[in-house]
Amino acid sequence: MVVTSPHCMHVLLFLSNFLRISVASGFAAVNFTTKPKDADYFVESDATLRWEYSSRKAIQYIKFGILIGDDDVTIVVKDVDAKEVQFNSLYRPEVTESFIGRVDVVKNEQASFRIKNLTLNDTGRYFFSLDLQNESKISSQYVQVTVVDIITDRQNSTQLVESWIGHKVSLICIVTKASPGLPVDFDWRWSDNTQVIGKQVYWKGKPDPWKDQSQMTIETNVDRDFEPVTCIAKSRTSTQRFDIGMKQLYKPREPINVTAYDFPSNETECPMYSRLTWEPPEDDGGTPLTGFVVEYKHPFFTSQVFVSKTINRCTEHVICKLQSEFPREVHVDVRAINRVGQGFRSRTVLLSFFKSLTAPLNLTSKLVPKEQGPYDVWVTWSPPEEDGGAPLVQYSLEYKELESSWNSATVLKTNNTYMWISKTREAYVYEVRVTARNKFGLEKASNILIVHFGEKPDQPQDLVKKEAFIDKQNKPKIKVMWKPPRYDGGAAITHYHVEYKTVRKEWSSAEKDSVKNTEYTFQVDKSETYTFRTRAVNKLGIGKPTVITVNFTADDVKNLAVTKNSTSSATSASFGVFLLFVISNALA
């Protein structure tokens, strides 16, 4: 049937609307590939509604209109074959006349219609239908057009918020207004229509009529706080409702399959490591994991944490087993982290650690006398307190001359904690140290011990006053003598240290001297008494002194007088013999 006049078209539409024939077979013949969705449109704007379809049967008419009650009121009809568009001005003119000049068909599109300069009264349910050739069946599609002066800005408003117990969240509701000064009121409601209690703020810095958004801050503490929230924005003529979803998050569950194993390394500072591995928890709490926390704690005092390491996403942690601050055994657990915080602790793993290798202790020496020096030295020590996590395999004893380089040291190896060493050079004083070595190759040297291959000599023996005499310069002198010490300390006596003073003076003011012989002569005052002492000296130092008190006695004076007279008589007799010899020679 071809529509040739507006009058005939209206009759056709009237009949079509009242016949209400089933359209099941029509839908089977037509497939809608594109159709508009329900939408809000600003007042005074244009609404373009687009349908596209495919059909196995020929299409006669395309109709566009509005649903009034139960009645589809056609506004325009497009004759597909004739390519003509006619406006309905007869049937239900009270409905259609407001669309005169404002509804048209979009050119070059299959089935698109435009309503221009929308008014609030244009709000309604619009339809699109097809009439098939040689069939009185109509297939219809409906779309809701709502004309408003405010529209929720869904893209920039909060659509879904994630929160957890004790957390504060801010919900933002933004509207776009037809005119900037249009007053808008905001209200926030729970799903049961009770008002949301929280802190609400509006667009800061704008006067009240220009506000176009509301921010509601709430703290989520109970189950009800995690229900959806509706933002209601109202102008004088429009109401917008916008639902914001609430998602409750939780702390993650415990990591699983926590295991640890040891492995060696070639590093000098750390010969052995422990690698702790785990798998993420089966429940992440509803939000992605951000990392893990590994804690190494005291096995009894669990509040004492030695290491707390935060690891980003990786599911393993490597630690050196050489830890001087750790006890022998440490408890280790892992917790996952998400936005809510640290989750439940994993199963505890027991790890063993060891301290650094320490030095041998109690290094001592003992001189071993022999019939003739130099003597040997017996060195002993105690094992280290800490073996560094591996058995000790060897000790190295080094000894060298005092103040020389350790590069010149003699090195001896042993598995015992004692060793006999002998002097290797002329020096008698040496430095000794012992280094412990464990199976890992770690080494630690002891403190340095000073050893002597000998000792200071004993005091000289049999110190006596040998004689008192007057020398050629007529000065009184005393000669003392002594014998070497019975024990020279294992080193030859090099000289003697002698001192003498009057008995009334201190030794600090004594006269001092060194001699290689075992006698010494010193000048005296015949009226004074003197103290004399001597000490033997070897490579190891100065020995103990031997002391004697001497003076010019009456016997010494008498002996000196006799000696003087004897000397004078002998001199006179010698002179007489000499004179007689001279005279005899002269007479001859």
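A salt bridge here is a side-chain nitrogen of Lys or Arg within 4 Å of a carboxyl oxygen of Asp or Glu. In this predicted model, that rule gives a count of 32 salt bridges. Let's walk through some of them.

R335 sits in strand β24 (residues 329-337) and E295 in strand β21 (residues 291-297), so the pair links distant parts of the chain, 40 residues apart. Buried means under 20% relative accessible area. R335, at 12%, is therefore buried, and E295, at 9%, is buried too.

R114 bridges to D104. Because R114 is in strand β8 (residues 111-115) and D104 in strand β7 (residues 103-105), this contact ties together parts that are 10 residues apart in sequence. E401, in strand β29 (residues 392-401), pairs with R425, which lies in the loop between β31 (418-421) and β32 (429-438); 24 residues separate them.

| Pair | Closest N and O atoms |
|---|---|
| R114 and D104 | 3.4 Å |
| E401 and R425 | 3.8 Å |

What is the relative accessible area of R114? The value is 25%, which leaves R114 partly exposed. D104 is partly exposed at 25%. E401 is likewise partly exposed, with 25%, and R425 counts as partly exposed at 35%.

How values were computed
Residues are numbered from 1 along each chain as its sequence is written. This is a predicted model: local features need pLDDT of at least 70, side-chain atom pairs count only at pLDDT 80 or more; totals for chains, interfaces and linings use all residues. Side-chain values use heavy atoms; hydrogens and water are left out. Helices (H or I, at least four residues) and strands (E, at least two) are DSSP runs, numbered from the N terminus. Buried means under 20% relative accessible area, exposed over 50%, partly exposed in between (1.4 Å probe, protein chains only).
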